[in-house]
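Please keep the viewer open while reading.

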Amino acid sequence: MKALVAAFAVVVSVSTSAVAGASGVILTEGEIEQTLSHGPWPPPQRRDASNRVSGDPSAIALGATLFSNPVLSRDGEMSCASCHDPERAFTEPKPRSMGRRLLDRNTSTLYNLGTHRWFGWDGSADNIWARSLSPILNPDELGHDLESLQAALIASEFAADYSALFGDPAQEPPIDTAVNIAKALAAYLETLATGETPFDQFRTALEIGDRRAAATYPAAAQRGLKLFLGRGNCTLCHTGPAFTNGEFHDAGVPYFLDANRVDTGRHGGLKALLASPYTLGGAHSDDPEKSGAWAVRSVRQKHTDFGAFRVPGLRDVARTAPYMHDGSLPDLEAVVRHYDEIDLERMHFDGEAILRPLELTDGEVSDLVAFLESLSDSAE
């Protein structure tokens, strides 16, 4: 009888351990260390030294109002929010954005801009206010020129709020009015940050050693995380708390727009950046030290910039479809399958050696998607 009881106890113990293992943390210690590098989140908000109204509540309020008002479009028919819809994580559900004509690129989310060093798919700006000004003055987007923008502001209901921050717009050059409007927009945009996600809850639980709480993170998401950290090599580009290295890579997406045009990506963006009067090193920066200007001064154009685009952060990624710079991939499964079956013939001849077909099973594709979905704000 004692032997039978003992044998039964062993069976119960083994069964209990199997259940605990199946529902527990499946990451190795090395994978846990990698996971911890993707946080904590959110990072502390930092004031932008190049923008004297960064962090100013009045500027934030003015920027938020201007963002949703058609005064920033020459024909009074569009606003920033027309393409960057707050209800859609500041994106729009179209492959390519529609301004005054169909544009060449997908609308990027405006969340977490404070973590960026370069702005736009091609990095044509090195600060938020310069990037904010670009669509306002682009004839294919909001369509103002410097003079029409100043006149529209002076005639608007926002002139008094502007004057309280920057002075009378009628007494300054139009370029100053344009830059100041962009800086008010930037003060608002830099406050936009995604919240805590299921991944963050898992990461925090690992950090404090609460394995019971960590074990509530779905097994599929954990398996996807293991692929993300390991065989997928995803962390070589999607690094740190924001899940991006902020730099530019050829992701194997065609850059031909039509038979006669190509999107040059970083190559054209860098050319525009180096010619821009609105950089951190320029006269319109409010930072007397020009402390961020080193990045532009040290960057150099390379052949491999052609067709390379900025690595997007993956936070809130489940809410920002479609994907890639041209919006050509409709959902997260399509993104995973793109990298799974990537066409190396389409890459630069000396391009991204880190990218190789992954040969994932259908289950592994689903697991990677489950992980990516866990990077979206659980409160949304």
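Which residues form one aromatic cluster? The members are F67, F90, Y111 and Y188. The model is predicted.

## Aromatic pairs

A pair of aromatic rings is described by the distance of the centres and the angle of the planes. The structure holds 11 aromatic pairs. F202 and Y217 make a stacked pair, because their ring centres are 4.2 Å apart and their planes meet at 20°, under the 30 degrees that stacking requires.

F202 belongs to helix α8 (residues 198-208), and Y217 to the loop between α9 (211-214) and α10 (219-229). The pair therefore ties together parts that are 15 residues apart in sequence.

The cut-off for buried is under 20%.

## Charges over rings

Where does G313 lie? G313 is in the loop between β2 (309-310) and α13 (332-340). Its relative accessibility is 31%, so G313 counts as partly exposed. That class runs between the 20% and 50% limits.

Set aside the neighbours within four places in sequence, and G313 is in contact with A242, F243 and T244. T91 is 222 residues from G313 in sequence. In space, the C-alpha atoms of G313 and T91 are 14 Å apart.

## The largest pocket

The largest pocket has a volume of about 1,200 Å³. Its lining has 49 residues. Nearest the pocket centre lie R131, S134, P135, N138 and E141.

Which helix gives the largest share of the lining of the largest pocket? That is α4, with 8 residues. Helices α4 (128-137), α7 (174-189) and α11 (266-275) each supply at least two lining residues.

How do the lining residues of the largest pocket divide into nonpolar, polar and charged? There are 23 nonpolar, 17 polar and 9 charged residues in the lining.

Conventions. Residues numbered from 1 in each chain as written. Predicted model: local features only at pLDDT ≥ 70, side-chain atom pairs only at ≥ 80, totals over all residues. Heavy atoms only, no water. Phe/Tyr/Trp six-rings, centres within 6.5 Å; stacked < 30°, edge-to-face > 60°. Helix = DSSP H or I, 4+ residues; strand = E, 2+ residues; numbered from the N terminus. Buried < 20%, exposed > 50% of the residue type's maximum accessible area, 1.4 Å probe, protein only. Contact = heavy atoms within 4.5 Å. 1 Å grid on protein atoms, 1.4 Å probe; cavity = no way out; pocket = protein on both sides within 12 Å on 5 of 7 lines; lining within 4 Å. Points joined across faces, edges and corners; volume = space filled by probe spheres on them. Nonpolar A, V, L, I, M, F, W, Y, C, P; charged D, E, K, R; others polar.
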